[in-house]
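Please view the sequence and the structure below before reading on.

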Amino acid sequence: MRRRRNIKLKRKASCWHKIFWTFCLIALLAPLLSNRDPLLVKVNNQWFSPGLNNKPYIIIEQANGQLLTLRKTEIDWKTFPADWILFAPVTYNPGSSDPYNMNYRSPFEKQFYATSDGSIAELPARHRHWLGTGKTGADVLAGLIHGTRFSLLIGILSILMASVIGLFLGGIAGYFGDRGLSIKKFNVLFIIILLVPVILLSLNFPMPGNLPSALQIFLRLLLVAIQLLLLTKLPYYGKSSYLQSQITIPVDSILSRIIEIFISLPRLVLILTLAAMIRPSVTTIILVIGLSSWTELARIFRAELLKWREALFTESARAMAFPPIRIIFFHLLPNAIAPLRVAIIFGIAGAILVESALSFLGIGVPQDVVTWGSLLASGREQFSAWWLILLPGIALFLLLYSLNHMGAQSKFRKIPVFH
Amino acid sequence: MQKYLLRRVFYFLPSLLVLVVLSFTLLKLAPGDPVDRMLEMHTGEEASTTAQAYQAEQKKFWTKQLGLDLPVFYVQIAIHQVGENGSWKIPGFTFSKDNQFHRWFFGDGLYSKGVVRGDFGISYSTRQPVNQLIGERIKWTLFFTFFSVFLAYLISIPLGLKIASNPQSRFAKLNLSFFTLLFALPSFWIATLLLMLFANPDILAILPPSGVMPVNGFPPEANYFDKIVLMIPYLILPTICFSYGSIAFLTKIMQDQVTDELSKDYIRTARAKGLSERSVIYRHAFRNSLIPLITIFSSVFPLAISGSVILESIFTIPGMGLTIFESILSQDYPVVIAVFTLTGLITLLGFLITDIAYVWADPRISFSKKITV
């Protein structure tokens with residue numbers, strides 16, 4: 001199986017592609033683009049990069065040889081007496097309050113700060129809140145930049161998870177169909193009689209109580225794995241022809257039913273219910289969105305496999321006694337990439353929409369994380385703060401529209417297939 | 001046809017079962033003890049020791065009465081401890097007919113009538129029976145869902161037809177790009193923007209910002225017609241937000257369908273016969289492109305229902321969405337589970353109706369073709 005690299009289609013990246021990749025770049029570089037702490041500082045001929053590391057303080061060696069320890073959170077960098085200082089383009093962290101620009105300061109209003117002698121002066125352009133502030137004086141542009149990161153992280157990771165589940169299940173169902181996967185009756189008996197108790201037993205195996213719980217779980221799983229390995233290598237295969245005969249498992253019908261059930265569950269309500277019960281965290285959201293959106297990918301991959309599983313190249317791969325997993329993922333998957341890509345792109349758009357809706361409602365997303373949805377929700381408390389309502393929405397719309405556009409475009413993109 | 005219907009209804013049952021079991025599992029997974037929440041025990045300093053003992057007694061009593069000490073499900077995996085001081089643990093299965101799921105689903109004949117008869121228990125926060133609470137509120141969700149879907153079909157079918165019949169015109173091009181844009185707009189943003197523009201004293205205050213009817217109630221002399229007229233300004237913005245996504249989606253689908261049909265052979269034949277363009281489009285292409293719109297109903301319908309959570313909480317419409325939002329915030333789990341179950345049920349029924357309507361509209365479709373995903 002050789003990769004086809006020799007043919008390259010001439011593609012002109014449309015303006016929506018560029019917008020999407022810009023968002024990705026912003027998400028990757030978020031700590032460099034918006035950071036309260038400067039990226040580089042030179043004090044007394046020493047260089048520091050407080051914005052790029054997680055140390056909570058910086059230690060400066062003074063001219064008289066003494067060491068001066070400063071907490072990063074207590075330093076006001078706007079008035080910090082440095083020899084040379086390099087700020088991030090936006091000199092604020094998302095969600096951090098600014099006591100001199102509280103109560104929804106518009107982008108066009110005058111903004112203030114406290115100078116080193118304590119008097120209040122107008123902010124220099126370097127430190128201006130270019131897109132205004134929220135109720136506590138939090139910078140909107142910083143929130144937008146870090147919100148990009150959050151949205152894309154959740155969108156991409158949850159769809160990654162969904163595609164792992166979907167491709168695996170859809171692959172098995174599509175490749176084997178209703179008659180392809182058969183299993184010896186002996187193995188079924190073996191699973192029911194031996195495997196279930198063995199797993200249960202090893203999960204309840206007495207353990208010394210003073211072990212940390214993570215290690216315990218690991219040890220138990222290890223036990224299960226070892227016993228599974230031992231049991232599957234069991235030499236006995238029975239003499240009776242009844243146990244040797246095979247039963248077919250209709251994997252295809254089973255998966256179709258499961259998908260039907262999953263589709264009919266109200267997705268957003270399920271996510272809301274789960275998110276309300278489990279402690280809000282980024283992992284929870286990714287898990288919940290990922291677990292509820294694998295069906296589309298499984299459906300598409302299954303349908304594509306139905307098209308290709310009787311093809312000559314599949315048959316020759318089968319004749320070479322390749323294992324099914326290899327045929328599915330190395331021979332058939334490359335042929336199904338085009339429709340899968342469309343589904344993945346639309347899936348990311350959907351996940352981002354769900355995430356922003358959740359953070360707009362304030363359910364399931366940690367309170368201290370600033371997202372586009374939470375910015376929008378804070379704008380709902382004060383309708384005169386148009387910048388809080390307009391800007392996150394525009395960002396969300398641009399990202400969703402560029403994703404939709406990319407998905408719709410790659411529908412028509414011709415991908416050459418050689419067998 | 002009848003065989004199809006029977007099989008379709010038969011396939012509806014496992015989905016329903018999974019939905020019910022899932023709701024029950026969620027109810028059991030919910031943090032907090034239900035008896036505690038119902039008695040609202042005060043274990044603080046103000047409660048004396050005798051009162052605490054009394055409350056503990058009460059809790060024990062009610063746990064037993066409500067059957068919360070019973071096994072959770074029909075089948076249970078139990079661990080038997082064997083040997084001296086129970087060092088060996090052997091798994092086993094126990095079956096029990098009288099269990100929590102059974103009581104929850106079919107009722108215990110004493111305190112609850114069971115989910116099967118529509119009894120979801122008592123709300124923790126309002127102390128009202130859940131089914132009564134939902135009965136009051138489901139009408140708004142149903143109204144907005146059906147009205148917006150109806151409106152979407154009403155607008156998008158002629159519009160899609162118009163666009164597809166003359167795709168080169170400026171009207172068609174303008175509309176297509178407009179609807180593609182519209183489809184990507186998140187509804188909660190549009191809702192907030194509309195509120196900012198039309199219900200904001202700084203810009204325009206022509207529409208009320210929240211609710212579905214005047215806060216002080218209707219004037220006593222108002223008759224039915226007057227009430228509807230008074231409610232219209234409250235319904236304008238929610239209806240726009242509920243329906244614009246479906247309108248954009250359906251118009252695009254309709255346009256694709258008609259374009260697809262127009263390129264088929266029988267249309268060429270019809271044109272060659274000398275039929276007028278109007279007759280070709282309205283009598284031939286239009287009818288055949290309607291069928292897929294029925295299937296689309298099954299994807300528009302759940303969308304409208306789950307969309308209601310956000311929109312109802314923005315516009316403060318007292319529907320199911322706002323109910324679930326409020327009860328999630330106040331950790332009122334019986335209500336959450338009830339809304340989840342009912343929403344799932346409505347979605348499932350929508351699927352069922354869609355599939356039946358699909359076969360009714362197009363008799364060529366056989367069960368095996370449709371049911372395989």
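## A hairpin in chain A

In this predicted model, strand 3 of chain A, residues 57-61, pairs with strand 4 of chain A, residues 67-71. The pairing is antiparallel and runs over five bridges. One of the pairs joins Ile59(A) to its bridge partner Thr69(A), which lies in strand 4 of chain A.

Five residues stand between strand 3 and strand 4 of chain A in this hairpin. Within the hairpin, Gly65(A) adopts a positive phi near 90°.

## The second largest pocket

The volume of the second largest pocket is about 930 Å³. Its lining consists of 33 residues, and those closest to the centre of the pocket are Pro34(B), Met38(B), Leu66(B), Leu68(B) and Gly121(B). Four elements of chain B each give two or more residues to this lining: helix 1 (2-29), helix 2 (34-39), helix 4 (100-106) and helix 12 (333-361).

Which helix gives the most to the lining of the second largest pocket? Helix 2 of chain B does, with five residues. By residue class, the lining of this pocket comprises 20 nonpolar, six polar and seven charged residues.

## The interface of chain B and chain A

Chain B brings 52 residues to the contact, and chain A brings 45 residues. Between the two chains, an area of about 4,500 Å² is buried. Carbon and sulfur atoms give 81% of that area.

How many salt bridges does the rule find across the interface of chain B and chain A? The number found is zero.

Conventions
Residues numbered from 1 in each chain as written. Chains lettered and ligands numbered in written order. Predicted model: local features only at pLDDT ≥ 70, side-chain atom pairs only at ≥ 80, totals over all residues. Heavy atoms only, no water. Pairing = 2+ DSSP bridges. 1 Å grid on protein atoms, 1.4 Å probe; cavity = no way out; pocket = protein on both sides within 12 Å on 5 of 7 lines; lining within 4 Å. Points joined across faces, edges and corners; volume = space filled by probe spheres on them. Nonpolar A, V, L, I, M, F, W, Y, C, P; charged D, E, K, R; others polar. Contact = heavy atoms within 4.5 Å. Buried area = accessible area lost by both parts, 1.4 Å probe. Salt bridge = Lys/Arg side-chain N within 4 Å of Asp/Glu carboxyl O.
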